[in-house]
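Trainee: I am new to this structure and would like to learn how to read it. Where should we start?

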Amino acid sequence: MKILGVETSCDETGVAVYDTTKKLLCSHALFSQIKLHERYGGVVPEIASRSQLEKMSVVTQEALQGAGLQLADIDAVAVTSGPGLVGSLLVGMCFSKGIAWAGNKKLIGVNHHEGHLFSVFLGKNGEMKDDITFPFIALSASGGHTALYLVLDFGRYDLIAQTQDDAAGEAFDKIAKILGLGYPGGALIEQYARNIDFRDDCRYPRTKSTQEHIMFSFSGLKTAVLYDLVKKGAYNLATGPIVENISEDLRSQVSSSLLVSVGDIFSANLAHAFKKHPQATGCAFVGGVACNQYLRQRLLDVCNKREKKFWVAQPSFCTDNGAMIAFVGGYKAEQGFFSNIDLDVQRF
Ligand code: KG4
Ligand code: ZN
């Protein structure tokens, strides 16, 4: 079966074609709105949905062309049904329903988190990776979510822990905005941290989990950074950043300490999860934050120490994309899970 995957949950329009018979990603096309939101230091929902509407058809045509296919060759349309920004989700949903209805194709609603979880199965050239063994632990971290799952099989996974407040990527983006680094912040925070070899000068507090109660929380960490900047004369609680007092050294120090804190939190929680689920064969690191080389190394160390395997999604499939949705749509189709035409979007 040939599956068209449509992802529009936030600020990326992603469309891809996955062939379940060949177990191969035939093509994937993406339009990223980063440039549109850059000046605001974060995603503006109204701008996001308008841009989705503008790009939806163009990106779909690009994906079909890349696969050398016509719409008529597609058997089923898999679409992100949530969670995400309602306006953005609705664009992909209405578009996909339209294609499915008009072309008498099957429709498959895909949960965005599930897309990220299984993105790790997509190899460099679009082939399905065959070295990933169930059950495994997945750490999914992006701008909208941070969670640990025990992944049992295709489409079967249990939530182990999730953030109580902000996502890790969100913490990077918000601190990067205060430091005036730019948007999105994750990669820039990493760059500044690398300048001083990932030193932990500021020693921000880490949330503490136990094996019984594993949890993520980044809002306290964000506040700790903010008050540290106030103390250092770089931020005014009433008026915001004091630009002239934000030196390159300060940027590096804060970025590095923030990243090391997140690295410690991730490592500790993964270690707890392995203890709690000793049957897990390894860890898969997915989501936009999985682009981070420093965090990859920290998690790899945790795995090596316990003789567990470590897999990470391809960089182009870490951030939001249509390929992961097409892939999930593929196994759902094989399992016979289809959606009705009254499928709706879910914000959470
Ligand atoms: O998966 P994604 O595209 O969107 C959501 O589903 O949220 O992830 C975007 C997030 C942003 O917060 C961005 O700062 C973060 O991924 N990110 C990174 C890196 N590259 C992107 N975080 C840390 N290090 C990176 N190199
Ligand atoms: Zn995402």
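Mentor: Start with burial: a residue is buried under 20% relative accessible area, exposed over 50%, and partly exposed in between, with a 1.4 Å probe and protein chains only. Here buried residues make up 56% of the 348 residues in the protein. This is a predicted model, in which local features need pLDDT of at least 70 and side-chain atom pairs count only at pLDDT 80 or more, while totals for chains, interfaces and linings use all residues. Residues are numbered from 1 along each chain as its sequence is written, chains are lettered from A and ligands numbered from 1 in the order in which they are written, and side-chain values use heavy atoms, with hydrogens and water left out.

Trainee: How many helices and strands does the protein have?

Mentor: Helices (H or I, at least four residues) and strands (E, at least two) are DSSP runs, numbered from the N terminus. The protein has 11 helices and 12 strands.

Trainee: What does the radius of gyration say about the protein?

Mentor: The radius is taken over C-alpha atoms, and the globule rule is 2.2 Å times the number of residues to the power 0.38. For 348 residues a compact globule would come near 20 Å, and the protein has 20 Å, which agrees. Along its principal axes, the C-alpha trace spans about 60 × 45 × 30 Å.

Trainee: What share of the contacts join residues at least 24 apart?

Mentor: Contact means heavy atoms within 4.5 Å. Among contacts between residues at least 6 apart in sequence, the share is 72%.

Trainee: How do I check the length of a helix, say helix 5?

Mentor: The expected span is 1.5 Å times one less than the number of residues. Helix 5 (residues 168-179) has 12 residues and should span 16 Å; its end C-alpha atoms are 17 Å apart, which agrees. Helix 3 (residues 86-103), with 18 residues, reaches 25 Å from its first C-alpha to its last, close to the 26 Å expected.

Trainee: Is helix 5 mostly covered or mostly uncovered?

Mentor: An α-helix has 3.6 residues a turn, so residues three or four places apart point the same way. Helix 5 is mostly covered, with nine of its 12 residues buried; among them are Phe-172, Asp-173 and Leu-179. After helix 5 comes Gly-180, with a positive phi near 70°.

Trainee: Against which elements do the buried residues of helix 3 pack?

Mentor: They pack against strand 1 (2-7), helix 2 (45-67), strand 4 (76-82) and strand 5 (106-111). The buried residues of helix 3 include Leu-89, Met-93 and Ile-99. Asn-104 follows helix 3 and has a positive phi, near 55°.

Trainee: Is Val-328 buried or exposed?

Mentor: Val-328, in helix 11 (residues 322-335), counts as buried because its relative accessibility is 0%. Not counting residues up to four places away in sequence, Val-328 touches Val-110, Glu-114, Gly-115 and Phe-118.

Trainee: Which residues does a cis peptide bond join?

Mentor: Look at omega. One cis bond joins Gly-82 and Pro-83, with omega about -5°; Pro-83 lies in the loop between strand 4 and helix 3. Another joins Tyr-183 and Pro-184, with omega about -10°, and Pro-184 is in the loop between helix 5 and helix 6 (185-195).

Trainee: What is phi of Asp-197?

Mentor: Phi of Asp-197 is near 55°, a positive value in a residue other than glycine. Asp-197 counts as exposed at 65% relative accessibility.
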